[in-house]
Amino acid sequence: MTYPIRPIDESEWSAYSRVLGEGFGWTPAPVQNERFKAQTEFPRTLAAFDGDTVAGVTAIFSLTMTIPGGTLPVAGVTAVSVLPSHRRRGLLTSLMRRQLNDVHERGEAVAALYASESAIYGRYGYGKAASELSVSINKTGAAFKRDAPSDPGLRLRVAKPADVREQLENLLAEVITRRPGRYARNEHFWTGALADEEPDQGGNGTLRCVLAEDDGGVRGYALFRIKSSWDDDGIPNGELKLHEIEAKDPAAHAALWRSVLDRDLVTKVTAGIPVDDPITTLLADPRQLRAGWSDELWVRVVDVEKALEARAYSAPVDVVIEVEDDVCEWNARRWRLTADTASASCKATEEPADITLPASALGTAYLGDGQLTSLLEAGLLSEHTTGAVRTLATAMSWNPKPWAGMVF
């Protein structure tokens, strides 16, 4: 069977959101549903119809994302879901192919998403491009190293998040350009980030904020909730759930971490952080930081030429890459990538390939996470010229490591 696919309009929101609720097993509160509706770009939605029934959906947020060496318009794929009654009918494949064609026609070279299930998106050319540490730090063992950065001119101030929204927005806009994967937040994303209705709290307390500032202004902030708890002996056993910690400089970063780790009635701090977050090296006893690793952002190179020419490179490279791509077929050819630390050129060629790789491998490498050699060792790409993969991996690697920081 074939299922017509088209964008929805606002009058079809109820049917669209019903598919999301069924697919994700989530029943949002009315305030959350309205917030998500306000955030939705209706011309960039897609729905697959079975007669009058909306059976599958997806959407895109138009993002400006940091990539190595600059920023790029990126299609932020979201709200991918199919009714349980319509699984295994090809709806997801049809939606994803149509969506990638739309992205290409719009001129966007890269798409990105957070995967609810990590096994799904590789078959559509997405690769795991960023990782995250889910950390838990025991407060009693959270002393910093003696040479941890500090600044006597720095002050901490407790504030209601909504009251300092402008300062938070300005600070984040400055720091997101430092790390690949970060993206600019529009007003709707900020409204969601600071939302503090009871359904948003989830039993974890009100949203709290600490600012790090000096006479020149705000240098950092932390957003968190505290889940209060006491054990059977009446001893406090609270958990501080850190949502965001952003800072312009090492001293502000350290001061904010020190603030959340010293919070009264709290025994541990939990957070999701980049794999190279400085807190991993600040603790005097690093074993007090217990961490679980997980995938974070997934990236799809939609236009090889545009995408590879748009980013910067950490070392010179001159290789011919043969891209295997049965979804975005315009990419499926050989490309000569020539780049140094100042400029890059990627053009179609008939020269013999040094490397053959799937489109998903380019997505994995695009933001600089540096996993191409691992893919070679796993047998997931082919090297025809000795050393070519190491050369490309070195050139595409980047510091700091990529991380988006907030699910879209």
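Among contacts (heavy atoms within 4.5 Å) in the protein chain between residues at least 6 apart in sequence, 73% join residues at least 24 apart. The structure is a predicted model, in which local features need pLDDT of at least 70 and side-chain atom pairs count only at pLDDT 80 or more, whereas totals for chains, interfaces and linings use all residues. Residues are numbered from 1 along each chain as its sequence is written, and side-chain values use heavy atoms, with hydrogens and water left out.

Along the principal axes, the C-alpha atoms fill a box of roughly 65 × 55 × 40 Å. Of the 408 residues, 51% are buried (under 20% relative accessible area, with exposed over 50% and partly exposed in between; 1.4 Å probe, protein chains only).

The protein chain has 12 helices and 19 strands, assigned as DSSP runs numbered from the N terminus (helices: H or I, at least four residues; strands: E, at least two). An open sheet of mixed pairing is formed by 5 strands in the order S17-S16-S15-S18-S19, where two strands pair if DSSP finds at least two bridges between them. Its edge strands, each pairing on one side only, are S17 (344–348) and S19 (382–383). Strand S16 (residues 334–339) pairs with S17 in the antiparallel sense over 5 bridges; Trp335 has Ala348 in S17 as its bridge partner. Helix H10 (residues 359–366) packs on the sheet, touching strands S15 (317–324) and S18 (355–358), and its direction makes about 90 degrees with that of S18. Helix H12 (residues 388–396) lies across S15, S16, S18 and S19 and runs at about 100 degrees to S15. Axes are lines fitted to C-alpha atoms, for helices over the stretch in contact, and angles run from 0 to 180 degrees between N-to-C directions.

Glu246 is located in strand S11 (residues 238–247) and counts as buried because its relative accessibility is 6%. The side chains of Glu246 and Arg182 are joined by a polar contact of 2.7 Å (a pair of N or O atoms within 3.5 Å; within protein, one must be able to donate a hydrogen and the other to accept it, and residues adjacent in sequence count only if both atoms are side-chain atoms). Leaving aside neighbours within four places in sequence, residues in contact with Glu246 include Leu171, Leu172, Val175, Arg219 and Tyr221.
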